[in-house]
Amino acid sequence: MPQGGINDFLSSADGDFSFPSSVCYGPDNDVILMSNWEVMFLRAEADMRFGTADDETAMFNAAVTAHFDYTGTAGASAYLSTDAVYNAAASTQSKSDLIGTQKWISMMGLQAVSYTHLRAHETEA
């Protein structure tokens, strides 16, 4: 399958894909193996880089909002309109920096790979 060809593989049939269980994502776990907001950040990045069927801005905003919801923090909309504004017309590097930084913030203390993701985006530590 060529890079970005995931849309050719996707099917809407029930049972084609599974969702995370409480084994990898649950309030009683010591660490989250993969959260729904991490998946949304990855989907935003995939659309940014390869042009998938997702909308990069919508995925980015949904990722930030999902993390706010998980932590019980109010103000996601205000944060997204002032401190973490995703501009689809910005440079790839600028968008990658924003995605990487917000992914790191959302995973810090909850998911062990947060620093690895930050470094993968070539963002200054």
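## Exercises: charged pairs and ring pairs

Aspartate 54 and arginine 43 form a salt bridge, with their closest N and O atoms 2.5 Å apart. This is a predicted model, where local features need pLDDT of at least 70, side-chain atom pairs count only at pLDDT 80 or more, and totals for chains, interfaces and linings use all residues. Residues are numbered from 1 along each chain as its sequence is written, and side-chain values use heavy atoms, with hydrogens and water left out.

**Exercise 1.** Work out which parts of the chain aspartate 54 and arginine 43 tie together.

*Solution.*
- Start with the rule: a salt bridge is a side-chain nitrogen of Lys or Arg within 4 Å of a carboxyl oxygen of Asp or Glu.
- Next, place the residues: aspartate 54 sits in the loop between α1 (36-50) and α2 (56-71), and arginine 43 is in helix α1, so the pair ties together parts 11 residues apart in sequence.
- Helices here are DSSP runs (H or I, at least four residues), numbered from the N terminus.

**Exercise 2.** Are glutamate 45 and lysine 103 buried or exposed, and which helices do they tie together?

*Solution.*
- First, find the contact: their side chains meet in a salt bridge at 3.9 Å, N to O.
- Then locate them: glutamate 45 lies in helix α1 and lysine 103 in helix α4 (residues 92-107), so the pair ties together parts 58 residues apart in sequence.
- Now grab the cut-offs: buried means under 20% relative accessible area, exposed over 50%, and partly exposed in between (1.4 Å probe, protein chains only).
- Glutamate 45 has 15%, so call it buried.
- Lysine 103 comes in at 1%, so that one is buried too.

**Exercise 3.** Describe how the rings of tryptophan 37 and tyrosine 70 pair up.

*Solution.*
- A pair of aromatic rings is described by the distance of the centres and the angle of the planes.
- The rule: rings of Phe, Tyr and Trp (its six-membered ring) pair if their centres lie within 6.5 Å; planes under 30 degrees apart count as stacked, over 60 as edge-to-face and the rest as tilted.
- By this rule, there are four aromatic pairs.
- For tryptophan 37 and tyrosine 70, the centres are 4.9 Å apart and the planes make 50°, which is tilted.
- This pair links distant parts of the chain: tryptophan 37 in helix α1 and tyrosine 70 in helix α2, 33 residues apart.
- Tryptophan 37 is buried at 0% relative accessibility, while tyrosine 70 is partly exposed at 34%.

Key:
Helix = DSSP H or I, 4+ residues; strand = E, 2+ residues; numbered from the N terminus.
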